[in-house]
Amino acid sequence: MSERFFLDQPPVAGEVTFDDAESQHLAKVMRANVGDMVVGFDGAGIEYQIELISVGKKKVIGTVRQQEEVSREATRQLTLAVALPKGDRQRWLIEKCVELGVARLIPLLTQRGVAQPVEKAIERLRRAVIEASKQCERNVLMEVAEGQTLEQVLASQPEVALMLHPSGDAIQPATIAAAGQVLGIIGPEGGFSEEEVAQAAAAGCQIVSLGPRILRVETAALAMASLVTIPPGP
């Protein structure tokens with residue numbers, strides 16, 4: 001089987017029990033059998049080769065035959081604070097951020113925000129992180145934090161903080177290249193208010209632009225992620 005399966009609990013005495021969702025996927029969708037080998041990951045960097053020893057409709061159990069730490073993380077840690085878009089665009093944003101290696105995503109509370117990061121929405125996004133990680137073979141789960149205000153985000157004091165805004169200067173690659181940790185701040189569809197831009201600048205955040213065109217929230221976030229997490233060629 002080429003699919004990967006998330007382990008919500010670590011192995012106990014070399015044995016793993018898949019949660020209800022993963023067990024049902026193995027039993028009903030993959031039609032797994034005892035003796036099949038599958039790949040599991042724990043979200044903290046460990047990848048497991050697992051032999052299935054019991055396959056039930058609601059519970060699948062396996063024995064760990066091999067485990068190793070396998071990192072597919074970006075060299076530079078990127079936190080994106082994003083004013084979430086509406087509806088299905090949120091899930092798409094999460095999937096692509098996971099694929100691009102974003103370390104942490106913070107739903108940003110802004111004056112002109114259109115989607116509120118309520119508890120149920122956050123849980124949906126965290127489940128989307130797991131599904132995306134299974135697909136792209138990432139072994140460390142991207143963190144989806146609780147919603148934060150701009151003031152809270154700016155208080156984190158990263159090495160480099162960049163707020164995207166049409167009034168900003170072009171991003172200097174050398175600024176990113178020298179940093180081990182970067183905070184990217186992406187506003188809502190209606191944009192940041194002048195007060196929010198001034199607040200960020202006063203806190204030492206660089207106000208930067210990705211060009212003359214107005215980008216959707218998710219486009220801006222992924223453009224930022226590509227600049228920070230994908231290393232330049234030789």
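In helix H2, the residues Arg 89, Trp 92, Leu 93, Lys 96, Cys 97 and Leu 100 meet Val 217, Glu 218, Ala 221, Leu 222, Ala 225, Ser 226 and Thr 229 of H7, where contact means heavy atoms within 4.5 Å. This is a predicted model, in which local features need pLDDT of at least 70 and side-chain atom pairs count only at pLDDT 80 or more, while totals for chains, interfaces and linings use all residues. Residues are numbered from 1 along each chain as its sequence is written, and side-chain values use heavy atoms, with hydrogens and water left out.

**The helix pair**
- H2 (residues 88-100) and H7 pack with their axes 10 Å apart and at an angle of about 5 degrees, the axes being lines fitted to C-alpha atoms over the stretch in contact, with angles running from 0 to 180 degrees between N-to-C directions.
- The two helices, H2 and H7, are therefore roughly parallel to each other, a term for angles under 35 degrees.

**Two buried residues**
- Thr 79, found in strand S6 (residues 77-82), counts as buried because its relative accessibility is 19%, buried meaning under 20% relative accessible area with a 1.4 Å probe and protein chains only.
- Leaving aside neighbours within four places in sequence, Thr 79 is in contact with Arg 104, Ile 106, Val 182, Leu 183 and Gly 184.
- Ser 133 in helix H3 (residues 119-136) counts as buried at 0% relative accessibility.
- Ser 133 and Phe 6 are 127 residues apart in sequence, yet 8.8 Å apart in space, C-alpha to C-alpha.

How values were computed:
Helix = DSSP H or I, 4+ residues; strand = E, 2+ residues; numbered from the N terminus. Parallel < 35°, antiparallel > 145°, perpendicular 65-115°, else oblique. Buried < 20%, exposed > 50% of the residue type's maximum accessible area, 1.4 Å probe, protein only.
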